[in-house]
Amino acid sequence: MRRLLIRPGAIGDCILSLPALEFLKAGYTEVWVPGPVVPLIRFAARASAIASTGLDLLEISAVDSARVLARLREFDAIDSWYGAGRPEFRECVQAHGLPFRFFDALPPEQGPAHAADFFLRQVGGVPPAVPRIPVPPVERGGFVVIHPFSGSARKNWPLERFQELASRLPCPARWCAGPDDPEAPGAVRMENLYQLGCWLRSARCFIGNDSGIGHLAAAVGTPVVTIFGPMNPAVWAPRAERGAIVKGDLAALPVEVVLETALRVLADTE
């Protein structure tokens, strides 16, 4: 059995889909995901960036279509979260007799299921779904990683409060930022998410907004404190072995509340 799995979406969406993707593993499994997520796919025979496959060029020209169709015909089964909301794409691949099965790319925002459980149930698995990314064993350092950004400004706790929080922690704070995040002096920036995950594994704790990097920290086994604003943590909270959620009005959420939660999680790591 040659199976292709196609999973677009943000970093966090893809990480929360890992249990579902791994459940579908076949004799030969290939995975197409967004470019940054490729290094996180450790279980498949091959992983490729969706943008490099030409999938988005299907039906644009005869040459592009022929190349992509030939590639897709290499597989006995194709499970896809790509194209679920594009009827013209579904009609195209079905007209060519390709063995696609489509899934909704996002769970209902109000639940009741956690996103990881929703994705696993879609493919016939039984929750709970706990995303895990294997990294080499490492001795934890005596520092906390703070990632003060996310994919949406409305999910961000004010930067100055993160800075005050860092000054009040009982251990050093190291800052983390993505390649496209705003300027953050001294922040560690790694484009390779697997390398970033290996570094996060060495932290005593991770503190950040509702973001893909928080899910990455949880998936490599680091305790996580996640600050939630508008999104529903019952659906989107990281599946951390140890951690806590702080939810509130981000504009009004005081440092003391986050600090108290962080100190409690840090105490559990001693």
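Two strands count as paired if DSSP finds at least two bridges between them, and strands themselves are DSSP runs of E with at least two residues, while helices are runs of H or I with at least four, both numbered from the N terminus. With that in hand, look at threonine 226, whose bridge partner in β10 is isoleucine 245.

A word on what you're looking at: this is a predicted model, where local features need pLDDT of at least 70, side-chain atom pairs count only at pLDDT 80 or more, and totals for chains, interfaces and linings use all residues. Residues are numbered from 1 along each chain as its sequence is written, and side-chain values use heavy atoms, with hydrogens and water left out.

Back to the strands. β9 (residues 224-228) and β10 are joined by five bridges in the parallel sense. They belong to an open sheet of five strands, ordered β7-β6-β8-β9-β10 with parallel pairing. β7 (173-175) and β10 (243-247) sit at the edges, each pairing on one side only. On average, neighbouring strands here are turned by 20 degrees against each other, direction ignored; axes are lines fitted to C-alpha atoms, for helices over the stretch in contact, and angles run from 0 to 180 degrees between N-to-C directions. Helix α7 (residues 159-168) lies across β6 (144-147), β7, β8 (205-209) and β9, and runs at about 150 degrees to β7.

Strand β1 (residues 2-6) is mostly covered, with four of its five residues buried (buried means under 20% relative accessible area, exposed over 50%, partly exposed in between, using a 1.4 Å probe and protein chains only). Five bridges tie β1 to β2 (residues 28-33), running parallel, and there leucine 5 stands opposite valine 31. β1 also runs parallel to β4 (residues 77-80), with four bridges between them; in that strand, serine 80 is the bridge partner of isoleucine 6.

Next, helix α6. Seven of the eight residues in α6 (residues 115-122) are buried, so this helix is largely enclosed by the rest of the structure. Among those buried are Phe118, Phe119 and Leu120, and also Asp117. The buried residues pack against α1, α2 (18-23) and α10 (233-236), where contact means heavy atoms within 4.5 Å. Just after the helix, glycine 124 takes a positive phi of about 95 degrees.

On a 1 Å grid over the protein atoms alone, a cavity is a set of points where a 1.4 Å probe fits but cannot get out, and a pocket is an open set with protein on both sides within 12 Å along at least five of seven lines; lining residues have an atom within 4 Å of a point. The largest pocket holds about 750 Å³ of space. Its lining has 34 residues, and Ala10, Ile11, Ser150, Gly151 and Gly212 are the closest to its centre. α1 (11-16), α8 (193-200) and α9 (212-219) each supply at least two lining residues.

Terms used
Points joined across faces, edges and corners; volume = space filled by probe spheres on them.
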